[in-house]
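Hi there,

Here is the structure I promised to pass on to you. Have a look at it first, and then read my notes below.

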Amino acid sequence: MAASSTKKMIENAQIIPSKGVHRYTIIWIYGLGGNADGYTEVFIKMQPPNTRIILPRATKRWVTILGRQYYLESWWERDDACVEEGTVIMDKLRELIDDEIKLVKNASNIIIGGFSQGGCLSLTTGLTYSKQQLGGIICCGGIFINEKKLLEKISEYSKTIPILTIHGKKDDIFKWNDVEAGLELLKQKGVGDNMEVLAEDDVEHIISPQGFDLISKNTMEKHMTSGIEDAWQPVPASRSARNTINPIRRIVDRMKITPNPAKEMISLSIGDPTHYGNMLPPVEALEAIIEAVQLPTCHGYAPSFGTLEARRAVAKFWSRSDYILKPEDVILTSGCSHALEMCIDCLADPGDNILLPQPGFSLYTTLCQSLGIETRFYDLLPDEDWKVNITHLESLINDRTRAVLINNPSNPCGAVYPEEHLRKLIEICEKHHLPIIADEIYADMVFSNHKFYFMGILSENVPVLSCGGLSKRFICPGWRVGWIVIHDRHNLFKDTIKPGLADLSSRILGPNSVTQAALTHILFETPDSYYEDILNQLQNNAEYVYRSLLEAPGLQPTMPQGAMYMLIRINPSEFRDIADDKDFFMKLICEESISCLPASVFGIDNFFRIVLSTPMEKTEEACQRIIEFCQRHAKSVS
Ligand SMILES: Cc1ncc(COP(=O)(O)O)c(C=O)c1O
């Protein structure tokens with residue numbers, strides 16, 4: 001900080017915010033050549049609750065040490081300027097103290113400390129602060145700035161303020177003899193009984209671990225927690241909250257990545273089809289919502305499991321001429337994710353397990369873990385259109401297995417299972433008496449030559465909870481209406497799971513009532529041409545990406561059969577410098593500004609997922625950039 005600067009010290013200080021209500025402040029002034037970042041980690045470890053720590057920053061400048069010039073942070077230019085420049089700094093420190101007092105309401109909640117030059121500043125500022133008594137002074141490897149004017153300014157509080165001085169007897173910057181003489185001088189001013197001195201025999205110009213211990217335990221912690229019984233502590237999160245982990249956030253957010261500023265960002269990672277505005281809800285659905293919101297009857301609470309009319313609409317929508325569903329078979333939820341949560345919660349207790357696909361939608365794991373339910377992953381086979389490895393699935397079943405979750409059409413694989421495969425899965429579940437949770441949010445979203453089969457319609461004996469919703473098929477994930485369709489031909493759920501789900505639905509007092517009121521119109525008035533158009537866009541994108549990326553060295557795309565995603569295999573051995581999917585993901589953003597998702601977030605390494613709902617021109621641009629990226633990184637540069 002330049003001596004002439006009018007900036008307040010707080011403005012460029014490093015601040016470690018208080019954990020809990022800000023009641024105390026520690027101002028720590030580092031010494032010549034130190035820096036705020038260097039101390040931050042140390043102080044975060046020592047930080048008492050309810051305390052914010054301020055590390056003012058010194059100015060970087062040329063300083064002379066033992067005849068040599070160094071460019072370092074320093075509070076003054078030369079030692080002989082310490083009184084003149086130090087006085088300006090001390091004025092600013094006093095101003096900082098004044099401002100902190102306004103925040104913590106009490107001067108005795110403020111400690112000022114420092115090391116070396118900072119120790120000199122903290123001791124001298126603290127002892128000459130005359131407005132109120134501060135909470136304490138810590139001087140490490142420093143000395144009172146022995147100047148007549150300053151000695152005269154020593155305040156009446158200096159006799160009572162707790163002072164901790166820590167000094168190495170082998171300090172060759174501020175010699176112990178000089179420090180002793182300084183302390184003697186202070187004694188003459190009445191400073192003594194309130195001062196604790198730790199003089200360490202073999203210690204040089206540093207703060208020893210013992211010194212840090214004393215600062216932390218005997219000074220900061222004691223001071224900042226004693227006598228304040230009502231001090232707020234940071235409020236701990238529950239086990240369930242701590243166990244709620246989103247693998248996407250955990251893996252992706254930890255990577256610090258900056259896109260290439262020269263290239264426009266293209267996101268192929270977000271499973272929200274409305275993201276680019278090229279896919280929108282059907283006009284009929286928009287009109288139905290507008291009409292519903294104007295009705296006087298749909299602003300209040302609906303029954304928590306959904307209105308009769310809305311449940312009737314869903315039942316009718318999924319009925320077949322030979323298989324009729326009733327409104328009682330439907331529970332409305334706040335999106336498909338809520339439906340999944342309710343099914344998992346209703347079927348399993350903590351310690352039970354549920355079988356989940358791998359790779360699979362990461363929410364399944366998130367939900368199970370937060371409910372204390374064990375996750376057991378059955379493999380999907382990349383070389384068999386991501387079908388289930390049924391032998392593997394069966395090997396995972398034990399006496400605590402409560403259900404098998406099957407996602408068809410699937411995220412992230414884009415697989416659509418043929419009837420035969422689904423029947424085999426049902427067979428295994430029947431053999432082991434395991435209900436099925438069918439995540440069918442992408443029901444009917446299949447490309448030409450593929451057909452979607454409902455688990456619940458195929459299954460004669462195994463009860464199926466089919467989870468679905470408006471989000472994807474009607475391109476309105478924000479409207480938050482989903483459902484559970486209960487397929488239970490033999491009444492195995494009648495007195496248990498069915499009422500259980502109804503009870504669980506009361507936890508959130510039901511899904512959005514405007515969307516429920518519009519549901520019949522949305523389901524029955526949206527023309528087939530709308531779905532056809534959406535599916536055409538998805539399929540065109542899929543085909544384009546598939547054809548293009550076949551040309552990219554090191555990549556192996558698989559043509560999806562439905563849903564909105566494609567998984568692409570990465571062969572790291574074909575690249576010079578790409579270690580795995582996470583590395584691919586990071587470098588692709590940094591160099592090409594394209595975000596996809598590394599498939600390790602779905603439980604499988606060396607694949608990446610892209611979303612197929614982007615506008616064609618973005619898809620084309622993205623493919624071009626991915627191909628160039630792969631060519632640049634390929635072992636044999638083409
Ligand atoms: C497989 C799968 N299930 C469920 C959901 C969640 O759907 P909703 O937005 O209706 O909660 C998603 C969302 O991407 C999904 O991909």
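**The largest cavity**

Trp318, Glu440, Ile441, Ala443, Phe454, Ser466, Cys467, Gly468, Gly469, Arg473, Trp483 and Val485 line the largest cavity. Strands E17 (464–469) and E18 (482–487) are the elements that each give two or more residues to this lining, and E17 has the largest share, with 4 residues. Strands are DSSP runs of E of at least two residues, and helices are runs of H or I of at least four, numbered from the N terminus. A cavity is a set of points on a 1 Å grid, over the protein atoms alone, where a 1.4 Å probe fits but cannot get out; lining residues have an atom within 4 Å of a point. The volume here is about 80 Å³, counted as the space filled by probe spheres set on the points.

Please keep in mind that this is a predicted model, where local features need pLDDT of at least 70 and side-chain atom pairs count only at pLDDT 80 or more, while totals for chains, interfaces and linings use all residues. Residues are numbered from 1 along each chain as its sequence is written, and side-chain values use heavy atoms, leaving out hydrogens and water.

**Helix H1**

Which residues of helix H1 (residues 36–46) are buried? They are Ala36, Tyr39, Thr40, Phe43 and Met46 (buried means under 20% relative accessible area, exposed over 50%, with a 1.4 Å probe and protein chains only). These residues lie on the same side of H1 because they cover an arc of only 135 degrees around the axis, taken from the directions from the helix axis to the C-beta atoms. Asp37, Glu41 and Lys45, on the other side of H1, are exposed.

Enjoy exploring!

Terms used: On a 1 Å grid over the protein atoms alone, a cavity is a set of points where a 1.4 Å probe fits but cannot get out, and a pocket is an open set with protein on both sides within 12 Å along at least five of seven lines; lining residues have an atom within 4 Å of a point.
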